[in-house]
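The following note sets out points for a colleague who is reading the model alongside its sequence.

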Amino acid sequence: RRGPEFSSAAVGHLISIPNIKIYVPSNINDGYWLLKEAIRQPGIKLILEHKALYRTNGTIDTEGKHSIMCGEIKRKGVNLTIVTYSYLVGSALRAAEVLSNSYGIDSEVINLRVIWPLDLQLILGSVRKTKRVILLEECTRNAGVLVHIENELLKNIPRLNIENVTAKDDLVPFGEEEMNVLPSIIDIVEAGERLSARNKLL
């Protein structure tokens, strides 16, 4: 049997390196442009590629200029914001469709692309509009970058409704069993339902 040695996320350790820049593509096009920009940028750079993305297909837009060194809004919405990166961007988009079609909750999805340093202005702008946010990450609750985003959000936006959807506080097992630990589309949808219900009670 194989163990969990290579399955757990190490983001929390990596962001402690001084002056590091960490890029996290969520698709093949992001991977292409982030690699080009990483080569051009000075300093220490790291590109984290999720192993599950190697099984996905896509196209590369090689024409024109791309503002790749900041986050992007992958789906516009008005009721809540989902902030995430890497492989979970796809999960967030699928969960957003479920929330919209089944519950009438219109979700905005932010793909961070660069997780250190953070694109806080994009996040703050979206969350000020929706007043509700799901912070979605494969790290455990306090071991990634989203805990830093949560701190900034709470400093800047009073009375903010937040749901954290992260990995359970455990080692990530190898193979299909890892889905018992990592966040799922169902977890995201349930978090969206809780935020909506909480808002109705206010």
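1. Of the 202 residues of the protein, 43% count as buried. The model is predicted. Contacts between residues 24 or more positions apart make up 79% of those in the protein with a separation of 6 or more.

2. The mean pLDDT of the protein is 88, and 87% of its residues reach 70 or more. Among the elements, strand 5 has the highest confidence, at 98, whereas helix 1 (residues 11-14) has the lowest, at a mean of 85. Over residues 1-6 the pLDDT is below 50, and this stretch has six contacts in the model beyond near neighbours in sequence. Where pLDDT is low, the predicted coordinates should not be read in detail.

3. The protein contains six helices and eight strands. Read from the N terminus, the elements follow the order α-β-α-β-β-β-α-β-β-α-β-α-β-α.

4. Which strands form the open sheet, and in what order? Five strands take part, in the order 3-5-4-7-8, with mixed pairing. Strand 3 (72-75) and strand 8 (161-167) stand at the edges; each has a single partner strand, so one side of each is left without a neighbour in the sheet. From one strand to the next, the twist averages 25 degrees.

5. Strand 5 (residues 107-111) pairs with strand 3 in the antiparallel sense, over three bridges. Within this pairing, Glu-72 has Asn-111 of strand 5 as its bridge partner. Strand 4 (residues 80-84) runs parallel to strand 5 and is joined to it by five bridges. Here the bridge partner of Val-83 is Ile-110 in strand 5.

6. Are the residues of strand 5 buried or exposed? Ser-107, Val-109 and Asn-111 point one way from the strand, Glu-108 and Ile-110 point the other way, and all are buried. Strand 5 is accordingly described as mostly covered, with five of its five residues buried. Strand 5 is also the element in which confidence is highest.

7. A further set of pairings involves strand 1 (residues 20-23). Strand 1 pairs with strand 2 (residues 44-47) in the parallel sense over four bridges, and the bridge partner of Ile-22 in strand 2 is Leu-46. Strand 1, helix 2 (residues 28-40) and strand 2 make a right-handed β-α-β unit. With strand 6 (residues 114-116), strand 1 pairs in the antiparallel sense over two bridges. In that case Tyr-23 has Val-114 of strand 6 as its bridge partner.

8. How many aromatic pairs does a search of the whole structure find? The search finds one. The pair is edge-to-face because the rings of Tyr-32 and Trp-33 have their planes at 85 degrees, with their centres 5.3 Å apart; the cut-off for this class is over 60 degrees. Tyr-32, at 29% relative accessibility, counts as partly exposed. Trp-33, at 7% relative accessibility, counts as buried, since the limit for a buried residue is under 20%.

Methods. Residues numbered from 1 in each chain as written. Predicted model: local features only at pLDDT ≥ 70, side-chain atom pairs only at ≥ 80, totals over all residues. Heavy atoms only, no water. Phe/Tyr/Trp six-rings, centres within 6.5 Å; stacked < 30°, edge-to-face > 60°. Buried < 20%, exposed > 50% of the residue type's maximum accessible area, 1.4 Å probe, protein only. Pairing = 2+ DSSP bridges. Axes fitted to C-alpha atoms, helices over the stretch in contact; angles between N-to-C directions. pLDDT = per-residue confidence, 0-100. Contact = heavy atoms within 4.5 Å. Right-handed = clockwise from strand over helix to strand, strands pointing away.
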